[in-house]
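Dear colleague,

Please find below the structure that I am handing over to you. My notes on it follow directly after.

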Amino acid sequence: NYPWVAEKLLHATGFTEVGELALATPPAPDIRRLQPSLVPQMLGAIAGNLRFYKHFRLFEIARIFTSEWSQPDGMENLPVQPRHVAAALVGDDPASLFLQARGIVESLSRATQIQPLSLCTQASPIPWADPRAQLCICADNKPIGAIGVVSSRAKRLAGIRRAEIVIFSFDVDALQPLPSRENQYTPLPTHPQVHFDLSFLVRLPVTWSEAKQLVQESHPL
């Protein structure tokens, strides 16, 4: 997806008041805001795919634009742009989709060699999720994202009908790799390591069997 997002998708997901970054010359009057989350754009992609498919999965990894600013390496003052991942499961049964999405989140630690993620009760409500089916995704007991069934209101405002959707999204930069992921690769040497090397010069009439016998009589190696 493009990093700019339509106002109706921001309104559907509850991000209307989040993020003030916008394009000076947007591609359209209602598409000027830079995405504060990947969830609004995910709903737009789902609406487009529902014209052709009833059951599918989508995911995206991209940067979001926050209201915080920093000066990396003392350079220009820029908005903080963490990398996020968002994934959606679309089908008919929200309970089954939620369990599948939860299984994906809980298996990420084994598949990608990161510290295990945990799921806990959301401290504050997720604006785009059903209040009865939403959880917080935590890494090292710190919230980094959320998982939930998309509410009827969010679907209606995004132009989605007759579909159940579960989305999870979290901060990729907040993940902690396992220590084994920090191993450094060292190329194998071109030649094997030896402590010493011996070379012999012999006369042409000397055969290999004679040289071998002489060496074996001199040393057991």
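By class, 11 nonpolar, 1 polar and 2 charged residues make up the lining of the second largest pocket. In this scheme Ala, Val, Leu, Ile, Met, Phe, Trp, Tyr, Cys and Pro count as nonpolar, Asp, Glu, Lys and Arg as charged, and the others, Gly among them, as polar.

Two remarks on the source are needed here. The model is predicted: local features need pLDDT of at least 70 and side-chain atom pairs count only at pLDDT 80 or more, while totals for chains, interfaces and linings use all residues. Residues are numbered from 1 along each chain as its sequence is written, and side-chain values use heavy atoms, with hydrogens and water left out.

The pockets

The second largest pocket holds about 320 Å³ of space. Of its 14 lining residues, T112, I114, F170, V172 and L175 lie nearest its centre. At least two lining residues come from each of β6, α3 and β10. Helices (H or I, at least four residues) and strands (E, at least two) are DSSP runs, numbered from the N terminus.

The largest pocket has a volume of about 530 Å³. Its lining counts 27 residues, and F15, S37, H84, I144 and G145 are those nearest its centre. β9 and β10 are the elements that give two or more residues to this lining, and β9 gives the most, with 4 residues. By class, the lining of the largest pocket has 17 nonpolar, 9 polar and 1 charged residues.

A pocket is an open set of points on a 1 Å grid over the protein atoms alone, where a 1.4 Å probe fits, with protein on both sides within 12 Å along at least five of seven lines; lining residues have an atom within 4 Å of a point. Grid points are joined across faces, edges and corners, and a volume is the space filled by probe spheres set on the points.

The sheet and its helices

Six strands form an open antiparallel sheet in the order β3-β6-β10-β9-β8-β7. β3 (56-63) and β7 stand at the edges with a single partner strand each, so one side of each has no neighbour in the sheet. From one strand to the next, the twist averages 20 degrees. Two strands pair if DSSP finds at least two bridges between them; β9 and β10 (164-171) are joined in the antiparallel sense by 5 bridges. In this part of the sheet, G145 stands opposite F170 of β10.

Helix α2 (39-49) packs on the sheet and touches β3, β6 (83-91), β9 and β10, its direction making about 145 degrees with that of β3. Helix α3 also packs on the sheet, touching β3, β6, β7, β8, β9 and β10, and its direction makes about 20 degrees with that of β10. Axes are lines fitted to C-alpha atoms, for helices over the stretch in contact, and angles run from 0 to 180 degrees between N-to-C directions. Contact means heavy atoms within 4.5 Å.

Individual residues

Buried means under 20% relative accessible area, exposed over 50%, and partly exposed in between (1.4 Å probe, protein chains only). Beyond its neighbours within four places in sequence, Q41 is in contact with N1, Y2, W4, V5, L9 and Q35.

Q113, which is not a glycine, has a positive phi of about 60 degrees. Q113 lies in the loop between α3 (94-112) and β7 (117-120) and is partly exposed, with a relative accessible area of 33%. N141 also has a positive phi, near 65 degrees, without being a glycine. N141 belongs to the loop between β8 (129-139) and β9 (142-150) and counts as exposed, at 72% relative accessibility.

With kind regards
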